[in-house]
Amino acid sequence: MEITMWQPFRMRLNLFCIPAAALVAFFLASVPDAAQAYVGPGAGLTAIGSVLALLAAVGLAIVGFIWYPLKRLFKRSSTPAVGEGERK
């Protein structure tokens, strides 16, 4: 079997085309069509309120689990130990 000049190119092309085709298929499948749906004012406000509540909960969790322990650690390291102020 003789290897031609184009055979390595074809092998490279096939190895490139499979992931590229999968990527194109994924993006084409993820593009939404028109939904033709109606979201009333009650459902819309509920969805907006739910998203805002979720963001607030994540923000408060970050503050509670990260900021306050660090604040307590820095406060503890900056205060003088008991009895150090009495030595003169």
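A residue is taken as exposed when its relative accessible area is over 50%, and as buried when that area is under 20%. In this predicted model, F74 has a relative accessibility of 53% and therefore counts as exposed. The residue lies in helix 2, which covers residues 41-78.

F74 also belongs to a nonpolar patch on the surface, formed together with L54, V58, I62, F65, I66, L70 and L73. The accessible area of these residues amounts to about 840 Å² together.

The chain as a whole contains 2 helices and 0 strands. Helix 2 comprises 38 residues, and the distance from its first C-alpha to its last is 53 Å. This span is close to the 56 Å expected at 1.5 Å a residue. A bend of about 30 degrees occurs in helix 2 at W67, and the proline P69 follows within four residues.

How values were computed. Residues are numbered from 1 along each chain as its sequence is written. This is a predicted model: local features need pLDDT of at least 70, side-chain atom pairs count only at pLDDT 80 or more; totals for chains, interfaces and linings use all residues. Side-chain values use heavy atoms; hydrogens and water are left out. Patches are made of residues with over 30% relative accessible area and no salt bridge: like charges are joined within 9 Å, nonpolar side chains (Val, Leu, Ile, Met, Phe, Trp, Tyr) within 5 Å. Accessible areas come from the Shrake-Rupley method with a 1.4 Å probe; for residues, only the protein chains shown count as cover. A salt bridge is a side-chain nitrogen of Lys or Arg within 4 Å of a carboxyl oxygen of Asp or Glu. Buried means under 20% relative accessible area, exposed over 50%, partly exposed in between (1.4 Å probe, protein chains only). The expected span of a helix is 1.5 Å times one less than its number of residues. The bend at a residue is the angle between axes fitted to the seven residues ending there and the seven starting there.
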